[in-house]
Amino acid sequence: MDEIFDLIIVGAGAAGLSAGIYSSRARLSTLILNEGAVGGQMVLTEEIANYPGVETTKGYMLANTMKNQAKEFGCKIKSNLKIKSYNLEGEIKHIGLEDGREFRSRAVILAPGGRPRPLSIPGEDAFRGTGVSYCATCDGDFFTGKQVIVVGGGNSALEEAVALTQYAGKVTIVHQFDHFQAFQHAVDQAKANPKIRFIMETELRSFTGKGVLEEVSMEHLPSGEISSMKIDGVFIFAGYMPNTEDLEGIVKLSDRKEIVVDEGMKTSVPGVFAAGDCIVKRYRQVTTAVADGTIASLSVAEYLRQTTMSQGI
Ligand SMILES: Cc1cc2nc3c(=O)[nH]c(=O)nc-3n(C[C@H](O)[C@H](O)[C@H](O)COP(=O)(O)OP(=O)(O)OC[C@H]3O[C@@H](n4cnc5c(N)ncnc54)[C@H](O)[C@@H]3O)c2cc1C
């Protein structure tokens, strides 16, 4: 408790780990506090093929490399914890944990990322883990030889659908529009896969089953026709929600609950910066999270230099 870190980073995803690498390499004493598994959404991604300089790799491997890199430079990482309180006003920032520990620092980078957006339809919560999943990497293997639905039409949905064909016998992509939001190469790859079929302009309406998921109902939007389908599993890739609930009233958030930052990743509170999927921005990728983390870390270094100079230290 006595130590005052130069920097505390909240979140050990691509953004937080990148900020950790830069800051600890710049000899700033740096602590990362992370709620879940180190690596964040990278760990949920079967394969990452678009991270420059790294040939197609498993998401968890890229996360592991970033973690080791940060640790080698002296960055401390504490994970599987729950933050209870933030006191970020003033020169010394205080972050309290549910277990009673408190950590202090001169600057903070918020990088809590996001989580998959649920469909919020009947049965979704009840069958979470027994047929409904948000992670092909984590759960794909359970559906070897079985029939699954992938919900969504963006890059994650189409790429994870292709990844699921390693396991599943058949993958049906159900998408609400008549076109996809994914990049063309992802669409082409999915269309070329003989195990994948498509149901367009359709939304799932409910999940049913006895103990495990057995059936879904869906609505064809143009006609309003409701049909049902026997299914073993449903993987949902329908967008994301920022993990910023606890930051309401602490830093300025947008209408979509994303953290508002300037081009230097500064938030509305002096000495508090933010990076990655949690900020207001258009494209959410590992590369963009890494870039945000880098910028935030460089801004922290500048902020600390200025505050030290103004204090005449
Ligand atoms: C299925 C899927 C496939 C994807 N495929 C690709 C791809 O192929 N290529 C690509 O570039 N991008 C891909 N992405 C997007 C990419 O993974 C994300 O944009 C990027 O990883 C975001 O990094 P981040 O550090 O901002 O957030 P996250 O990865 O979400 O990390 C945030 C971390 O903060 C922790 N955290 C959350 N709340 C708190 C809290 N209150 N206190 C402490 N810690 C907290 C979380 O546990 C997590 O570890 C994919 C995403 C998904 C879901």
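The protein carries 32 positive and 38 negative charges, and their mean positions are 3 Å apart. Lys and Arg count as positive, Asp and Glu as negative, while His and the chain ends are not counted. Each charge is placed at NZ of Lys, CZ of Arg, CG of Asp or CD of Glu.

This is a predicted model, in which local features need pLDDT of at least 70, side-chain atom pairs count only at pLDDT 80 or more, and totals for chains, interfaces and linings use all residues. Residues are numbered from 1 along each chain as its sequence is written, and side-chain values use heavy atoms, leaving out hydrogens and water.

Now the overall fold. The protein has 6 helices and 19 strands. The C-alpha trace spans about 70 × 40 × 30 Å along its principal axes.

Next, the packing. Of the 313 residues, 47% count as buried. Buried means under 20% relative accessible area, exposed over 50%, and partly exposed in between (1.4 Å probe, protein chains only). Among contacts (heavy atoms within 4.5 Å) between residues at least 6 apart in sequence, 59% join residues at least 24 apart. The protein exposes about 15500 Å², with carbon and sulfur atoms supplying 50% of it. Areas come from the Shrake-Rupley method with a 1.4 Å probe.

Two loop residues deserve a look. Ser-120 is not a glycine, yet its phi is positive, about 55°. Ser-120 sits in the loop between strand E9 (114–116) and strand E10 (132–133). Its relative accessibility is 62%, so Ser-120 counts as exposed. Met-265 also has a positive phi, near 70°. Its loop runs between strand E18 (240–242) and strand E19 (272–274). Met-265 counts as buried because its relative accessibility is 7%.

Finally, the rings. The structure holds 3 aromatic pairs. Rings of Phe, Tyr and Trp (its six-membered ring) pair if their centres lie within 6.5 Å; planes under 30 degrees apart are stacked, over 60 edge-to-face, the rest tilted. One of the pairs is Phe-273 and Tyr-303, with centres 6.0 Å apart and planes at 70°, so it is edge-to-face. Phe-273 lies in strand E19 and Tyr-303 in helix H6 (residues 286–310), 30 residues apart, so the pair links distant parts of the chain. Phe-273 is buried at 1% relative accessible area, and Tyr-303 is buried at 16%.

Notes: Helices (H or I, at least four residues) and strands (E, at least two) are DSSP runs, numbered from the N terminus.
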